[in-house]
Amino acid sequence: MDFIGDKEYWEEKFAGRGDKQLSPEKSVVENIGYFKKGSVLDIACGDGRNGLFLIENGFKVTGVDFSSKALERFKMFAERNNHYLNTKQIDLSKVSSLKDIGIFDNVLINHYRLSKEQLADMENHIADEGILFICGFGYKHKVDHKIRKEDLIKETDFQEIKKSFQLIKYIENEDDRGFFVTYIFRKKKE
Ligand SMILES: C[S@@+](CC[C@H](N)C(=O)[O-])C[C@H]1O[C@@H](n2cnc3c(N)ncnc32)[C@H](O)[C@@H]1O
C-alpha cells in the first residue's frame, strides 16, 4: 500500500486522533536553535505538532498538507491558544504545487520525502541564510508494506541543492518508531 501518499488513509487517521496534540519531533526540539528567526513553511505539516511548537517559540508558521482534516486540527490547536497560523491545502504529488507559496526564512519537512525536483526548487522559497530542515526515515529503517524503500531519505536526494545550500548538521537517531536522519542545510548568501 502506498501509505505515505494515500489521502484517504491520512484523512481517517487525523479524524480518529484525540483532542490532544502529539509531541513535537525530538530532532526539531533539540535543534530549534538552528532555525533563522522569522517564518517557517511546514511542508506536509499534518495536524501541526511541530508547527505549533515553532509558533510557541516565536515563529510565524504556514502549514501545507493535502489532508483537510489535518489542517482543520492544526487550526483548532492554534486557535485554542490564540496563535496566528496560515494554512494551505496542497497536493505535493503535483510537482509545481509549491510554485506560488512564497519565500520563508525556514522550511521544515518532517516525515515526508519531497521529490528531487521539488527539493531543488526550495532555493526559490528560502531566504538567504535561511534553513532547510529535513527529518525522516533513513537508510537503516526497516522497510515494510507501510514504509517502502522509496520513502527513505537518501544522501543522493540532496545532490542538486548542494550548489545553493550548505549542510550544517547531520544527525542519526533510532527510537521505537524506527531509524531517522536529520539534515539541516543553510542557504548560501547570493
Ligand atoms: C508521517 S505524516 C507527518 C506529519 C507531520 N510532518 C509530522 O511530523 O507530524 C505525513 C504527512 O504527509 C501528508 N501528505 C502525504 N502525502 C501528501 C501529498 N501528496 N500532499 C500533501 N501532503 C501529503 C499527510 O497528510 C501527513 O500529514
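# Close-up views of a predicted model

View 1. Strands (E, at least two residues) and helices (H or I, at least four) are DSSP runs, numbered from the N terminus. Keep in mind that this is a predicted model: local features need pLDDT of at least 70, side-chain atom pairs count only at pLDDT 80 or more, and totals for chains, interfaces and linings use all residues. Residues are numbered from 1 along each chain as its sequence is written. Which residues of β1 point one way, and which the other way? Ser39, Leu41 and Ile43 point one way, while Val40 and Asp42 point the other way, and all are buried. In a regular strand, side chains alternate between the two faces of the sheet.

View 2. Two strands pair if DSSP finds at least two bridges between them. β1 and β2 pair in the parallel sense, over five bridges. Here serine 39 has lysine 60 of β2 as its bridge partner. Strand β1 (residues 39–43) is also joined to β4 (residues 104–110) by four bridges, and these two strands run parallel. Valine 40 stands opposite asparagine 106 in β4, and aspartate 42 has leucine 108 of β4 as its bridge partner.

**View 3. Strand β4 carries the sheet on to β5.** Six bridges join β4 to strand β5 (residues 126–137), and the two run parallel. One place to look is phenylalanine 104, which stands opposite isoleucine 126 in β5.

**View 4. Seven strands make up the open sheet.** Their order is β3-β2-β1-β4-β5-β7-β6, and the pairing is mixed. Which strands are at the edges? They are β3 (86–89) and β6 (165–175), each of which pairs on one side only. From one strand to the next, the twist averages 15°. Axes are lines fitted to C-alpha atoms, for helices over the stretch in contact, and angles run from 0 to 180 degrees between N-to-C directions.

View 5. Helix α3 (residues 49–56) touches β1, β2 (60–65) and β4, and its direction makes about 170° with that of β2. Touching means contact, with the C-beta atoms of two residues, placed from the backbone, lying within 7 Å. Helix α4 (residues 68–80) touches β2 and β3, and its direction makes about 175° with that of β3.

**View 6. Helix α1 meets helix α4.** Two packed helices are described by the angle between their axes and the distance between the axes. Helix α1 (residues 7–15) and α4 pack at an angle of about 30°, with their axes 7 Å apart. From α1 come Trp10, Glu11, Phe14 and Ala15, and from α4 come Lys69, Ala70 and Arg73. By class, this contact has four nonpolar, no polar and three charged residues. Ala, Val, Leu, Ile, Met, Phe, Trp, Tyr, Cys and Pro count as nonpolar, Asp, Glu, Lys and Arg as charged, and the others, Gly among them, as polar.

View 7. Of the 20 residues around the ligand, Trp10, Ala44, Gly46, Phe66 and Leu92 come nearest; a residue is near if its C-beta atom, placed from the backbone, lies within 6 Å of the molecule. The shell has nine nonpolar, seven polar and four charged residues.

View 8. Most residues other than glycine have a negative phi. Histidine 111, in the loop between β4 and α5, has a phi near 65°. Is histidine 111 buried or partly exposed? Histidine 111 counts as partly exposed because 18 C-beta neighbours lie inside 10 Å. Glutamate 129 lies in strand β5 and has a positive phi of about 65°, although it is not a glycine. Glutamate 129 is exposed, with 12 other C-beta atoms within 10 Å.

**View 9. Glutamate 117 sits in helix α5.** This helix spans residues 116–120. Glutamate 117 is exposed, since 10 other C-beta atoms lie within 10 Å. Glutamate 117 and leucine 167 are 50 residues apart in sequence and 18 Å apart in space, C-alpha to C-alpha.

Key. A residue is buried if 20 or more other C-beta atoms lie within 10 Å of its own, exposed if 12 or fewer, and partly exposed in between; C-beta atoms are placed from the backbone.
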